[in-house]
Amino acid sequence: MVRYFDRLQRVLPRPGSPAAIAAGVAVFGSAALLKMALDAAAGDNMPPFITFYPALVLISLISGMWASLIGVAAALVLSWYFWFPPYGSFDIAGPVSLSSLITFAISGALVSAIVGVTRELLDEHAAHEVERRRITRETVHRIKNLISVVQAISTKVSRQTSSFSEYNAKFASRLAALASAQDVLVKTEWEDARIREIIESALAPFRPNPALVVRAGPDIVLPARYVSGVSLALYELATNAMKYGALLARPGSVSLTWQATGNLGSLVWKEVHTDATRPARENAGFGTLLIQNAFNRDAGTRVHYEVTDAGVTAEFEWPLEAANPR
Amino acid sequence: MASDGSIITILVVEDEPLPRMDLAEQLIAAGYEVCEASSGEEALAHLQNGQRIDVLITDIQLGGRVTGWDLAEKFRAAHARIPVVYTSGKPPDHDRKVSGSVFFSKPVRAIDVVRTCRSFGGAVPDR
């Protein structure tokens, strides 16, 4: 049944459009002509509103409630003048005529309202259906893109691991970071996200940890297209700090701060080792790649990543102009 | 190798860094020279700079105003026979595909793209 209404909605003109107004006028004119034809065929006056009731249903459906209400008024005036005695006058012959006119006015308005609202519901249903299809297409597109990212991570990890257990552990941890980014994106409906939420989500597996201190800055946002990249980078930094750095069971600390300077947002990861004898990690590999590509090397962004014997510094900068948090 | 004996240069345009880098690495491993662009605008800069590009591989939705469809048309306008490979998570728009182009639905296997590039052999395949 819904399918038939959808088809009907597709062929109807938009209420208020020139086509809808023209159709309404045509239906009303046809109803008036049909009334005259019926009178002539019967050789007597048929009930004055006999053709206008179905006409109002059609006008309301095709042209909308307001057009139909105008039709009620026009039918009332036309019938009153021509088809109510005394003919050719707006005088009222008696209570029967008066009650007939009032009944038509009320029932015509009700028909217009009920059918008009039905038409609006049809239009709303059709609009929702279009939006639902668009969202489905967009979701499939995003899922496929996400699968591409997962595929690339898997390929990269597999090249840098020598056993399945090592692959499994590294791949799973990066999937977890990607999943946390998706949580943030779903929450913000793929709009710009607050940096605070991204940090909380990406670092949730590593907290609470007294050595990992997040110093909250202003309420700034990150464009949606960078959320996955920054989440993966933060996860990478925290994982490295847990495995080799300041969050391991050795004295050290990590501070994470963010701020806005003019039109730039910045996020700074500063990891300080007190164990200076520990050699610096190799500043290369897939983890480094993830960190350095947090912003896809886009113009206006900057990532500075440095690993030394004393610690690790990662600075991320991005333009704030497109900020639009939810 | 290109017809003049030089190494074929492929421009990979993809706004997602990891899939882009992965594809680029596999193309390099297959013997191609690869340039990367993360947006349509960046890819157009390669064209405007007169940089030699023998094959264009592009995603469709690139985050900016310039789509992969636009890019392919502009590259074809400049180089009538440049082979074009589209990759996308969306279905192909046959009205926008340039003639002789190849469309891959994501996720794309790099090996398939490499095979396709090999099949070009320096000429645009018939549609």
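## Salt bridges within chain A

In this predicted model, the side chains of A:Arg194 and A:Asp219 form a salt bridge, with 2.9 Å from N to O. A salt bridge here is a side-chain nitrogen of Lys or Arg within 4 Å of a carboxyl oxygen of Asp or Glu. The two partners come from distant parts of the chain, 25 residues apart. A:Arg194 sits in strand E1 (residues 193–194) of chain A. A:Asp219 sits in the loop between strand E2 (212–215) and strand E3 (221–222) of chain A. Helices (H or I, at least four residues) and strands (E, at least two) are DSSP runs, numbered from the N terminus. A:Arg194 is partly exposed, at 23% relative accessible area. Buried means under 20% relative accessible area, exposed over 50%, and partly exposed in between (1.4 Å probe, protein chains only).

A:Glu315 and A:Arg302 also meet in a salt bridge, again listed at 2.9 Å, N to O. A:Glu315 lies in strand E7 (residues 311–319) of chain A and A:Arg302 in strand E6 (residues 302–308) of chain A, so the pair ties together parts 13 residues apart in sequence. A:Glu315 is partly exposed at 24% relative accessibility. A:Arg302 is partly exposed too, with a relative accessible area of 34%.

## Chain B and the network

In chain B, the side chains of B:Asp54 and B:Arg52 meet in a salt bridge of 3.0 Å, N to O. B:Asp54 is buried, at 19% relative accessible area. B:Arg52 is partly exposed, at 36% relative accessibility.

Salt bridges also link A:Lys156, A:Arg159, B:Asp22 and B:Glu25 in a network. Over all chains, the whole structure has 25 salt bridges.

## A buried serine

A:Ser148 lies in helix H5 (residues 95–159) of chain A. A:Ser148 is buried, with 4% relative accessibility. What does A:Ser148 touch, not counting residues up to four places away in sequence? The answer is B:Pro19, B:Lys106, B:Pro107 and B:Val108. Contact means heavy atoms within 4.5 Å.

## Cysteines

A disulfide is a covalent bond between the sulfur atoms of two cysteines. The rule used here asks for a pair of cysteine sulfur atoms within 2.5 Å. By that rule, there are zero disulfides over all chains.

B:Cys35 is buried at 11% relative accessible area. B:Cys117 is buried at 4% relative accessibility.

## Chain A as a whole

Chain A has nine helices and seven strands. Its C-alpha trace spans about 115 × 40 × 35 Å along the principal axes. The radius of gyration of chain A is 36 Å, whereas a compact globule of 326 residues would have one near 20 Å. That radius is taken over C-alpha atoms, and the globule rule is 2.2 Å times the number of residues to the power 0.38.

Of the 326 residues of chain A, 43% are buried. Among contacts between residues at least 6 apart in sequence, 68% join residues at least 24 apart. The accessible surface of chain A is about 16,700 Å². Carbon and sulfur atoms hold 64% of that surface. Accessible areas come from the Shrake-Rupley method with a 1.4 Å probe; for residues, only the protein chains shown count as cover.

## Conventions

Residues are numbered from 1 along each chain as its sequence is written, while chains are lettered from A and ligands numbered from 1 in the order in which they are written. Local features need pLDDT of at least 70, side-chain atom pairs count only at pLDDT 80 or more, and totals for chains, interfaces and linings use all residues; side-chain values use heavy atoms, with hydrogens and water left out.
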